[in-house]
Amino acid sequence: WSVERSLDGRFVFLADGVQPRDAMWGINIDPNNPQANPPAVQLTSVGWVRFVFHVESRLETLDQAFRYFDPYIQNYARAGVRILLILNQDTYRGNIPWTNNGDWNAYARGMGERAALIARRYRGLVRAYQVWNEGDLSGFETSIGITPAQFAPMLAETARGITAGDPAALVVSGGLASSLDKAINYMREVRKALGGTLPIDGIGIHPYGHTPPGDSSPFPGWSVGSLDNYLNQFSTAFPGIPLWITEIGVPRVDVDNQDFWPRIASYMDKTIDFVRESYPHAVQAVMWFAW
């Protein structure tokens, strides 16, 4: 017997023969960075790895990128580690509408075509794809700001391409990193632009600085808010769509300073325990940033 809870958390019931839930804990890696590219054998207890599928940023053709990433993707899949592959401006540059005020709709079509080729290549190997990264921010090296009206057609076209290439693959929207209210409003505007629907299997969020209940902050005065409130408001705003915490972590610190390690480890522990115990009905995965 297994004790289960309804999606809204109001009912508890007994279920017979429920399969154990997949491991939700994951970590961000970077195959382009030797210091951030652990071998698959080191991550066999990890549920997910997340990384960008770099093509344009490597100054390569798509076929060259396939040859580079094939062994990494195959090794993680063989080790039983599920892959969340990010498709963003490093994956497809197209007409570069973010620098020349160009046509985002044309870019969306091109991204959808590229996504179909990638999903077809990795059918059965890549479990999920994430479309863009922190598009609700601008002026950062790792993200290209994009308005909800621009993101909506790109999300739709990319999701369509992924499904055409691999019908079983999941589609997750790009991780949102602005304040809670702004992030929720961003996705509401995307949904509105798409006629009231979201063609995705999950919403990516990056709740940096939001901490679980109790003394869980890794550094004094570091917390910017409650992780409980953050997840509750997001899951209420988008019922039925799982949340994916595709990045969460601590500020850039001297990682060789072992005095920091116990507090960071405690914060990691308390975060994953809180999500697993309090939001299993709403959160699909939690991925630390970064290796």
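Which residues lie nearest the centre of the largest pocket? In this predicted model, the residues nearest that centre are Y208, E247, R252, F289 and A290, and they belong to a lining of 39 residues. The volume of this pocket is about 1,400 Å³. Several elements take part in the lining, and at least two residues are supplied by each of strand 3 (25-28), strand 4 (48-52) and helix 7 (261-278). Of the elements that contribute, helix 7 provides the largest share, which amounts to four residues.

Two of the residues nearest the centre of the pocket, F289 and A290, are also joined by a peptide bond that is cis, with omega near 0°. A290 itself is placed in the segment that follows strand 12 (283-288). This bond deserves mention alongside two backbone angles, since most residues other than glycine have a negative phi, and most peptide bonds are trans. One of these angles belongs to L59, a residue other than glycine whose phi is positive, near 55°. L59 is located in the loop that runs between strand 4 and helix 1, and with a relative accessible area of 78% it is classed as exposed, because this value is over 50%. The other angle belongs to I96, which is likewise not a glycine and has a positive phi of about 45°. I96 is found in the loop between strand 5 (82-87) and helix 2 (97-100), where its relative accessibility of 25% makes it partly exposed.

The aromatic residues were examined next. In total, the structure contains 23 aromatic pairs. In one of them, the ring centres of W98 and Y107 are 5.4 Å apart and the planes meet at 85°, which means that the pair is edge-to-face, as the angle is over 60 degrees. Both values are needed, because a pair of aromatic rings is described by the distance of the centres and the angle of the planes. As for accessibility, W98 is partly exposed at 22%, whereas Y107 is buried, its relative accessible area being 0%. Elsewhere, a single aromatic cluster is formed by F51, F53, F66, Y68, F69, Y72 and Y122. One member of this cluster, Y68, has R58 lying over the face of its ring, at 3.6 Å from the ring centre.

When residues up to four places away in sequence are not counted, D70 touches R121 and Y122, and its side chain makes a polar contact of 2.5 Å with the side chain of R121. Y122 is in turn one of the residues of the aromatic cluster described above. R114 lies in helix 3, made up of residues 104-121, and is also buried, with a relative accessible area of 17%. Apart from residues up to four places away in sequence, R114 touches V55, E56, L62, T91 and Y92.

Finally, two serines in loops were examined. S217 is situated between strand 9 (210-211) and strand 10 (225-226), and its relative accessible area of 24% makes it partly exposed. The side chain of S217 reaches the backbone oxygen of F219 at 2.7 Å, while its contacts, leaving aside neighbours within four places in sequence, are with T211, W222 and S223. Between the C-alpha atoms of S217 and E277 there is a separation of 19 Å, the two residues being 60 residues apart along the chain. S45, in the loop between strand 3 and strand 4, is exposed, with a relative accessible area of 67%.

Key: Residues numbered from 1 in each chain as written. Predicted model: local features only at pLDDT ≥ 70, side-chain atom pairs only at ≥ 80, totals over all residues. Heavy atoms only, no water. Phe/Tyr/Trp six-rings, centres within 6.5 Å; stacked < 30°, edge-to-face > 60°. Buried < 20%, exposed > 50% of the residue type's maximum accessible area, 1.4 Å probe, protein only. Lys NZ or Arg CZ within 6 Å of the ring centre and 35° of its normal. Contact = heavy atoms within 4.5 Å. Polar contact = N/O pair within 3.5 Å; in protein donor to acceptor, adjacent residues only side chain to side chain. 1 Å grid on protein atoms, 1.4 Å probe; cavity = no way out; pocket = protein on both sides within 12 Å on 5 of 7 lines; lining within 4 Å. Points joined across faces, edges and corners; volume = space filled by probe spheres on them.
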